[in-house]
Amino acid sequence: ISQPKLGMILMAVRFVRDGSVPDIMLVPSAIDYERALETDSHVDQLLGTKKKSESLWGAVKSGFRLLTGQDMHGEVHVNFANAISVKEVIERVEAPLPGSSFIPDEV
């Protein structure tokens, strides 16, 4: 499993910490398909083919193909978890050690 990319989460934490916004609610979500969307390109990459660049146009075309039934991927399951308050997480993590920081200043 890949390491998580924390760029947007770090921005949310910074906005709350510096007072730009009072709080930000993060809603964990997942979109799962019965059949993986990129199996063909994944196999090609495993065989050594260079990965094709992703683009906004490619995402729009893929979305259109999914919505019109041109690509069949079985059932789609969309799941949402309970919202997480960035402010509450900061308070909980930083409370035991005043002055400490769990978020680096730079991404």
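Buried here means under 20% relative accessible area, exposed over 50% and partly exposed in between, with a 1.4 Å probe and protein chains only. The model on screen is predicted: local features need pLDDT of at least 70, side-chain atom pairs count only at pLDDT 80 or more, and totals for chains, interfaces and linings use all residues. Residues are numbered from 1 along each chain as its sequence is written, and side-chain values use heavy atoms, with hydrogens and water left out.

**The whole chain**

From the N terminus on, the order of elements is α-β-β-α-α-β-β-α.

Next, display the surface. The accessible surface comes to about 9100 Å², and carbon and sulfur atoms hold 60% of it; such areas come from the Shrake-Rupley method with a 1.4 Å probe. Of the 107 residues in the protein, 9% are buried. Among contacts with a separation of 6 or more, 80% are between residues 24 or more positions apart, a contact being heavy atoms within 4.5 Å.

**Helix 4**

Select helix 4, residues 86-94. Which residues of helix 4 are buried? They are Val86, Ile90 and Glu94. Seen down the helix axis, these buried residues of helix 4 fall within an arc of 50°, so they line one face of the helix; the arc is that of the directions from the helix axis to the C-beta atoms. Their cover includes helix 1, strand 1 (25-26) and strand 4.

**Helix 1**

After helix 1 comes Gly19, with a positive phi near 85°.

**The largest nonpolar core**

Now select Ala12, Val13, Val16, Val86 and Ile90, the five residues of the largest nonpolar core. Such a core is a set of buried Ala, Val, Leu, Ile, Met, Phe, Trp, Tyr and Cys residues joined through side-chain atoms within 4.5 Å.

Beyond residues up to four places away in sequence, Ala12 touches Ile24 and Val86. The C-alpha atoms of Ala12 and Val86 are separated by 7.4 Å, although the two residues are 74 residues apart along the chain.

Move to Val86. Leaving aside neighbours within four places in sequence, Val86 is in contact with Ala12, Val13, Val16, Asp23, Ile24 and Leu26.

**Ser85**

Finally, select Ser85, in strand 4 (residues 84-85). Is Ser85 buried or exposed? Ser85 is buried, with a relative accessible area of 7%. Not counting residues up to four places away in sequence, Ser85 touches Asp23, Ile24 and Met25. With Asp23, the side chain of Ser85 forms a polar contact of 2.6 Å. A polar contact is a pair of N or O atoms within 3.5 Å; within protein, one must be able to donate a hydrogen and the other to accept it, and residues adjacent in sequence count only if both atoms are side-chain atoms.

Note on methods
Helix = DSSP H or I, 4+ residues; strand = E, 2+ residues; numbered from the N terminus.
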